[in-house]
Amino acid sequence: MALSIADYLLQLPENMNFAKVQELSGEDSLYYRMLSDYGSGSFQLIRFENDLLMILIADYTPKETFEKIATISEEYMEISQFETDSSSFKIGRRKTQPVGKGIYCYVNTQKTTYVYCEKGKPVRFTKIILTRKYFDTYFRVHYGKDYEQSKVAKEYLLKNPNLPELNFVFQQIRDCQAVGQTLHLYLESKVLELLSLVIKGMEQKENHIFQNFPFFSANLHGRNLIPEIFQHLLCRFQKFFILPAVKPFQKNHFFPFYFYQEFSNSAFPYHSNYISPT
């Protein structure tokens, strides 16, 4: 059965053979310890108002290899820092991929996901779960970006998995010793700091792409540059085409490939939801 991300996370510790430690838990900060028959270590789930934002902090070593399977119906984004490389995952029918040390971004596709943790190897990570409702309400009102606009962060983080400033923020989240309301205020400020660093990095990358192309630079953030970029690429690489017999659907495949050839960057933020002119 498909679950919301909050429902899934509340069931997860028990399904992974963790037991709640009452004396270390509060109303919205839940602390678990792995049962000794199954391994050692801890798992912490910190919930924020209406479960729009959640943080997981885990450090455990299982005695047996195990698999976690989930189908989450809710749209959400997950930004994580892994300090170990003992896990792997698979989405739907895709191939299993190892998880290395560094920062990852996952945008839920509502497909079944499979996560594997190896016997006798430590698993240590910090995860920030941001729901669509978080972006479309609080974040859009205060910072002007909704869920769809924020999803392009995945491309940026995939290419920059070890940014020191982001690793530092994750370490501050992990090391925080505050409790109660102070804990939540501090952690939420760190989440906003992390998101601001991602947005700043993306904007710097975008400006770098266009700095050598002054005819793209005017009103960079105020208008649709896709037609101009497309015409530039078409002129630049037209020798590879028999023109004008390039159909619209062919142009849409042409765009991301030659955008990368020209600018050494993903076309996704500029190409998504774009239909080329006929």
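Q: Which residue in β10 is the bridge partner of Lys 90?

A: In general, strands of a sheet pair through backbone hydrogen bonds, in either a parallel or an antiparallel manner. In this case, the bridge partner of Lys 90 is Tyr 114. The model is a predicted one, in which local features need pLDDT of at least 70 and side-chain atom pairs count only at pLDDT 80 or more, while totals for chains, interfaces and linings use all residues. Residues are numbered from 1 along each chain as its sequence is written, and side-chain values use heavy atoms, without hydrogens and water.

Q: In which sense do β7 and β10 pair, and over how many bridges?

A: Strands are DSSP runs (E, at least two residues), numbered from the N terminus, and two of them pair if DSSP finds at least two bridges between them. Here β7 (residues 87-91) and β10 (residues 113-117) are joined over five bridges, in the antiparallel sense.

Q: In what order do the four strands of the open sheet lie?

A: The order is β5-β10-β7-β8, with antiparallel pairing. At the edges are β5 (66-70) and β8 (97-99), each of which pairs on one side only. On average, neighbouring strands of this sheet are turned by 25° against each other, direction ignored; the axes are lines fitted to C-alpha atoms, and angles run from 0 to 180 degrees between N-to-C directions.

Q: How many salt bridges does the rule give?

A: A salt bridge is a side-chain nitrogen of Lys or Arg within 4 Å of a carboxyl oxygen of Asp or Glu. By this rule there are nine. One of them joins Lys 121 to Glu 118, at 3.0 Å from N to O.

Q: Which residues are linked in a network of salt bridges?

A: The network consists of Asp 59, Glu 83, Arg 124 and Arg 174. Within it, Arg 124 forms a salt bridge with Asp 59, the closest N and O atoms being 3.7 Å apart. This pair links distant parts of the chain, 65 residues apart: Arg 124 is in β11 (residues 123-131) and Asp 59 in β4 (residues 53-62). Glu 83 also forms a salt bridge with Arg 124, with 3.9 Å between the closest N and O atoms. Because Glu 83 lies in the loop between β6 (76-82) and β7, and Arg 124 in β11, this pair ties together parts 41 residues apart in sequence.

Q: What is the relative accessible area of Arg 124?

A: The classes are buried (under 20% relative accessible area), exposed (over 50%) and partly exposed in between, with a 1.4 Å probe and protein chains only. Arg 124 has 26% and is partly exposed. Asp 59, at 32%, is partly exposed, and Glu 83 is partly exposed at 23%.
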